[in-house]
Amino acid sequence: MSLGRVHSMDSFGTVDGPGIRYVVFMQGCHMRCRYCHNRDTWDLRDGGEVLSHEEVLDKILKVKSFLTGGVTVTGGEPLIQAEFVADLFKALKENGIHTCLDTNGFTKRITPDVERLLSYTDLVLLDIKHMDEEMHKKLTYVTGQYPRNFAMYLQEIQKPTWIRYVAVEGFTVDPIYAAMLAEMVEKMGCVEKVELLPYHSLGVHKWDAFNDSYDLQNVRPPSDVQMDAIKLEFEKRGIAAGY
């Protein structure tokens with residue numbers, strides 16, 4: 001039995017993988033994304049509730065009959081608590097439940113726990129923040145090298161993957177950056193599709209609760225014209241993409 005710090009759970013998720021899914025939000029994240037809508041998940045040691053993977057499993061099994069998709073573990077960043085998520089996914093697989101890992105790929109190395117977690121993962125949702133290193137640091141305050149390394153590991157093991165890419169004015173809307181990501185995706189060979197996510201500011205109230213300054217307060221969502229230009233960079237390479 002392993003313990004994990006769980007921020008919250010949603011028994012009816014429809015945007016975190018295929019079908020109706022039970023979504024488990026883990027506490028803790030290394031990135032400090034300027035647009036984060038889960039600001040309250042950053043701190044690994046403060047917030048959420050410490051639960052065993054068996055306790056979480058019991059909650060999921062009670063609603064299993066309603067889940068047309070399966071279970072997605074997100075965050076925060078699940079890779080920080082890889083042992084816990086691996087144990088949960090193992091138990092889910094034993095109960096015939098589809099598993100999905102929603103991650104930003106920020107892990108300094110592929111540890112045995114991460115390897116084991118991925119062995120029980122049916123689908124990875126990999127959120128690539130930016131392909132340009134300096135822009136990645138400006139957007140998240142950390143390096144983008146680890147997520148790119150993680151993507152290459154997914155390529156190595158050919159793990160079914162959906163790429164997620166948030167379009168933010170001033171950071172990621174330039175089609176040049178989308179082309180850089182499309183080039184990497186084309187090489188992976190395990191990416192089923194790319195989900196393009198227009199920026200929104202729905203999580204600002206969480207920043208306010210922490211008395212934090214939200215730098216993107218005046219940034220508007222991208223236009224359809226901008227989103228279509230980003231989408232085109234993937235379609236030119238035969239990569240399914242949509243928003």
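Rings of Phe, Tyr and Trp (the six-membered ring of Trp) pair if their centres lie within 6.5 Å; planes under 30 degrees apart count as stacked, over 60 as edge-to-face and the rest as tilted. The model is predicted, so local features need pLDDT of at least 70 and side-chain atom pairs count only at pLDDT 80 or more, while totals for chains, interfaces and linings use all residues. Residues are numbered from 1 along each chain as its sequence is written, and side-chain values use heavy atoms, with hydrogens and water left out.

**Aromatic pairs**

W42, W207 and Y214 form one aromatic cluster. The structure holds three aromatic pairs, and two of them are tabulated here.

| Pair | Centre distance | Plane angle | Class |
|---|---|---|---|
| W42 and W207 | 5.4 Å | 80 degrees | edge-to-face |
| F106 and Y146 | 5.1 Å | 85 degrees | edge-to-face |

Helices (H or I, at least four residues) and strands (E, at least two) are DSSP runs, numbered from the N terminus.

F106 counts as buried because its relative accessibility is 9%, whereas Y146, at 23%, counts as partly exposed.

**Nonpolar core**

A nonpolar core is a set of buried Ala, Val, Leu, Ile, Met, Phe, Trp, Tyr and Cys residues joined through side-chain atoms within 4.5 Å. The largest one has 71 residues, of which Y35, I60, V71, L181, V194 and F234 touch the most other members. Helix α2 (residues 82-94) gives the most to this core, with eight residues.

Contact means heavy atoms within 4.5 Å. Leaving out residues up to four places away in sequence, I60 touches Y22, L67, V71, L88, L92 and I97. Y22 lies in strand β2 (residues 21-26) and is buried, with a relative accessible area of 6%. Beyond four places in sequence, the contacts of Y22 include M9, D10, K59, I60, V63, L67 and V71.

**Pocket and cavity**

On a 1 Å grid over the protein atoms alone, a cavity is a set of points where a 1.4 Å probe fits but cannot get out, and a pocket is an open set with protein on both sides within 12 Å along at least five of seven lines; lining residues have an atom within 4 Å of a point. Grid points are joined across faces, edges and corners, and a volume is the space filled by probe spheres set on the points.

The largest pocket holds about 790 Å³ of space. Its lining comprises 32 residues, with H37, N38, D102, D127 and R164 nearest the centre. At least two lining residues come from each of β5 (99-103), β7 (161-167), β8 (191-198) and α7 (204-209), and β8 gives the most, three. By class, 13 are nonpolar, eleven polar and eight charged. Here Ala, Val, Leu, Ile, Met, Phe, Trp, Tyr, Cys and Pro count as nonpolar, Asp, Glu, Lys and Arg as charged, and the others, Gly among them, as polar.

One cavity of 30 Å³ or more is counted, and the largest cavity holds about 30 Å³. Its lining residues include M31, N104, D127, K129, H136 and R148. The lining of this cavity has three nonpolar, four polar and three charged residues.

Definitions and conventions
Buried < 20%, exposed > 50% of the residue type's maximum accessible area, 1.4 Å probe, protein only.
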